[in-house]
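Subject: Structure for you to look at

Hello,

Here is the structure I promised to send over. Please open it and keep it beside this email as you read.

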Amino acid sequence: MNTDVNAAVGEQLAERVAQPEREWVTPEERLLLRFYRQLDQGEQEFMRRAIEALATRSSPR
């Protein structure tokens, strides 16, 4: 049995990178995100197109 351990080798960037501010989501939004992540790639693409079409409609309902 081999008990060797490999150490991670790397270096951290010296410069800071801008991070976007965190956005808090509601429980309903969290459910929608969970649902979306469970879809396969084709279903996600369909949902993106459908949501984009709804969001860009010129006449609000």
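This is a predicted model: local features need pLDDT of at least 70, side-chain atom pairs count only at pLDDT 80 or more; totals for chains, interfaces and linings use all residues.

The overall picture
The chain has two helices and zero strands. It is 61 residues long, and 3% of them count as buried.

Helix α1 covers residues 27-38. Helix α2 covers residues 41-55. I checked the length of α2. It has 15 residues, so at 1.5 Å a residue it should span 21 Å. Its end C-alpha atoms are 21 Å apart, which agrees.

The N-terminal end of α2 has a cap, and D40 provides it. A side-chain oxygen of D40 sits 3.1 Å from the backbone nitrogen of G42.

How they meet
Two packed helices are described by the angle between their axes and the distance between the axes. Here the axes of α1 and α2 come within 8 Å. They cross at roughly 135°. The two helices are therefore oblique to each other. On the α1 side, the residues that meet α2 are F35, Y36 and R37. Their partners in α2 are Q44, M47 and R48.

A closer look at Q44
Is Q44 buried or exposed? It counts as buried, because its relative accessibility is 18% and the cut-off for buried is under 20%. Q44 lies in α2.

What does Q44 touch, leaving aside its neighbours within four places in sequence? It is in contact with Y36, R37 and L39. The backbone oxygen of Y36 is 3.1 Å from a polar atom of the Q44 side chain. For the backbone oxygen of L39, the distance to a polar atom of that side chain is 3.4 Å.

Best wishes

Definitions and conventions:
Residues are numbered from 1 along each chain as its sequence is written. Side-chain values use heavy atoms; hydrogens and water are left out. Helices (H or I, at least four residues) and strands (E, at least two) are DSSP runs, numbered from the N terminus. Buried means under 20% relative accessible area, exposed over 50%, partly exposed in between (1.4 Å probe, protein chains only). Contact means heavy atoms within 4.5 Å. A polar contact is a pair of N or O atoms within 3.5 Å; within protein, one must be able to donate a hydrogen and the other to accept it, and residues adjacent in sequence count only if both atoms are side-chain atoms. The expected span of a helix is 1.5 Å times one less than its number of residues. Axes are lines fitted to C-alpha atoms, for helices over the stretch in contact, and angles run from 0 to 180 degrees between N-to-C directions. Angles under 35 degrees count as roughly parallel, over 145 as roughly antiparallel, 65 to 115 as roughly perpendicular and the rest as oblique.
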